Amino acid sequence: MIRHNDIYIDGEWVEASGDEFRQVVNPATEEVFAEVRRGTAEDVDRAVLAATTAFEGWSQSSIEERARVLRAMADAMERDGDEVASCIVEEIGQPISWAQRASVATTVKDLRNFADALSDVVWEEKIGEATVRRIPAGVVGAIGAWNGPIRSVTLKVGAAIAAGCTVVLKPSEVAPLAPRLLARFAEHAGLPRGVLNIVSGSGSVVGEAMVAHPGVDMVSITGSVGAGMRVMEVAARSVKRVALELGGKSANIILAGADLAEAIESGIEDAFRNSGQACGALTRILVPRDQLQRAEELAAAKAQSFVIGDPTDANTQLGPLANNDQYESVRGHISRALDDGVKLVVGGLERPAGLDRGYYVRPTVFSGTNDDRIAREEVFGPVVVIIPFDSEEDAIRIANDTDFGLAGGVWAPDRDHARRVASRIRTGRVRINGTPIDMRAPHGGLKLSGVGREMGHHGIEDYLELQAQHG
Ligand code: NDP
């Protein structure tokens with residue numbers, strides 16, 4: 001049993017002041033394997049003081065120094081990659097091969113991308129006689145989600161450090177272990193003490209204390225729409241800048257003439273990555289009405305092809321859901337869709353064969369309409385819904401008929417045609433014909449999906465303010 005009593009403040013691990021512990025459960029075994037002492041508002045005060053003190057120096061550091069630190073953090077994470085991956089497997093049940101590739105290797109790349117992107121930021125420009133400079137936003141409160149324990153926090157910490165900000169990080173209580181390793185990587189890189197501080201604890205206590213704190217200049221959160229709204233509300237009282245990376249219900253439009261089999265295969269792989277616990281997952285599959293039946297057959301075959309099971313096994317493609325709450329929530333969505341009479345193509349409430357323990361859910365495909373609850377609410381599990389359309393206009397209308405605006409996909413025989421359709425989709429990202437995502441391009445959403453962008457130089461710019469110097 002791992003027990004952590006401490007929080008990371010001013011370059012040292014010190015005892016948290018709370019007297020409660022939060023247990024960490026392995027979702028594949030349902031066993032508690034760690035507990036972490038919860039921080040308090042007092043701990044947030046200590047962390048903000050350290051970050052404020054460190055800001056004086058770090059905000060004046062050179063771009064070269066920031067790039068050096070980011071690259072050294074990437075090297076340290078890469079060196080200890082197996083440890084980070086194992087941690088993620090244990091705390092959220094992410095399959096090991098995916099944890100190594102999509103969590104660790106991608107996050108290492110993100111840090112290097114931030115280092116490179118520093119030279120793409122326009123730090124200074126002339127407007128007439130004035131000089132407009134980009135200056136760090138200040139002390140940042142960063143709040144992470146459990147679905148990407150290392151990536152969701154590194155995208156914030158890396159960009160903030162690149163911008164010359166200092167950080168107080170609160171990881172999700174569901175997955176607090178991998179984020180702690182960031183402190184080691186920062187120390188290895190020679191990041192000055194106080195630039196990164198980590199306070200464990202709940203969103204309602206530590207998170208809210210950070211958002212309300214007068215010493216915090218900006219808050220960035222990845223999480224649910226409800227938490228994002230609450231952060232915005234509390235931040236408004238001190239007119240704090242916020243960056244919100246929230247949920248999605250993204251559409252994959254497969255236009256007539258596109259390769260239906262390839263589009264369904266690629267779309268479902270996108271939707272079911274990380275057991276569907278991905279904000280940008282393409283969970284609504286839009287197909288021409290006359291191809292509905294074929295689409296259902298292809299989707300069923302693809303969904304049934306996943307190897308589900310032990311996340312420590314290198315062959316596993318789908319692990320359990322990350323925690324019991326998420327398991328109950330996803331099953332609740334499936335159950336309501338069945339009650340609503342939505343056609344179940346494959347999957348459902350029955351547990352996957354041979355898996356009697358762990359938060360496993362069958363990959364599930366529904367076929368319905370865009371008005372069904374299963375097509376409107378974010379499930380955050382391995383569940384997609386196929387929706388037929390009658391024309392291209394109809395497809396665009398359905399894709400945009402959602403409260404969210406995070407991601408999307410368009411498939412068409414002609415790439416330019418697909419691009420024209422993509423430009424009418426109201427989301428922060430659109431993948432055309434399954435093109436892989438370039439991690440240097442911005443990620444973020446419109447509507448309920450959030451405010452602001454992460455990754456690359458746009459991600460750094462979220463942590464910068466403008467200062468116009470006249471004379
Ligand atoms: P939650 O909203 O429950 O939690 C996210 C983080 O916010 C946690 O650290 C949580 O703390 C904290 N938090 C909760 N309430 C508050 C509050 N009042 N003040 C400050 N902090 C608070 O989300 P999940 O962790 O359950 O993540 C799943 C959701 O996140 C999904 O809806 C998904 O779509 C979205 N998401 C979006 C992404 C994006 O990039 N757009 C990426 C990943 C996920 P605690 O430790 O107590 O839980």
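I looked up D416 and R419 first: their side chains meet in a salt bridge, with 3.3 Å from N to O. This is a predicted model, so I read every distance here as computed. The two residues sit three apart in helix 14 (residues 415–422), which puts about one helical turn between them. I then checked accessibility. D416 is partly exposed at 43% relative accessible area, and R419 is partly exposed too, at 44%.

**Entry 1: salt bridges across the chain**

I asked how many salt bridges the rule gives, and the count comes to 38. One of them joins the side chains of R289 and D390, at 2.7 Å from N to O. This pair links distant parts of the chain, 101 residues apart: R289 is in the loop between strand 14 (284–288) and helix 10 (292–304), while D390 is in the loop between strand 17 and helix 13 (392–400). R289 counts as partly exposed at 46% relative accessibility, whereas D390 counts as exposed at 56%.

Next I looked at D401 and R376, whose side chains form a salt bridge at 2.9 Å, N to O. D401 lies in the loop between helix 13 and strand 18 (404–405) and R376 in helix 12, so the bridge ties together parts that are 25 residues apart in sequence. D401 is partly exposed, with 28% relative accessibility; R376 is partly exposed, also with 28%. I also noted a network of salt bridges that links E20, R22, R38 and E173.

**Entry 2: helix 11**

Does the span of helix 11 agree or disagree with its residue count? I took the 16 residues of helix 11 (residues 324–339) at 1.5 Å a residue, which should span 22 Å, and the end C-alpha atoms are 22 Å apart, so the two agree. After the helix comes G341, with a positive phi near 80°.

I then went through burial and found Q326, Y327, V330, G332, H333, I334 and A337 buried in helix 11. The cover over these buried residues includes strand 16 (364–367), helix 12 (373–376) and strand 17 (383–389).

I traced an open sheet of seven strands, with mixed pairing, in the order 15-16-17-14-13-19-20. Strand 15 (343–346) and strand 20 (431–432) are at the edges with a single partner strand each, so one side of each has no neighbour in the sheet. Inside the sheet, strand 14 and strand 17 run parallel and are joined by five bridges. I looked for the partner of L286 and found I387, in strand 17. Helix 9 (residues 260–272) packs on the sheet, and the strands it touches include strand 13 (251–254) and strand 19 (408–411); its direction makes about 175° with that of strand 13.

**Entry 3: V132**

V132 sits in strand 7 (residues 130–136). Leaving out residues up to four places away in sequence, V132 touches W123, E124, E125, I127, L466, Q467 and A468. I also took the C-alpha separation of V132 and H213, which is 29 Å for residues 81 apart along the chain.

Methods. Residues numbered from 1 in each chain as written. Predicted model: local features only at pLDDT ≥ 70, side-chain atom pairs only at ≥ 80, totals over all residues. Heavy atoms only, no water. Helix = DSSP H or I, 4+ residues; strand = E, 2+ residues; numbered from the N terminus. Contact = heavy atoms within 4.5 Å. Expected span 1.5 Å × (residues − 1). Buried < 20%, exposed > 50% of the residue type's maximum accessible area, 1.4 Å probe, protein only. Salt bridge = Lys/Arg side-chain N within 4 Å of Asp/Glu carboxyl O. Pairing = 2+ DSSP bridges. Axes fitted to C-alpha atoms, helices over the stretch in contact; angles between N-to-C directions.
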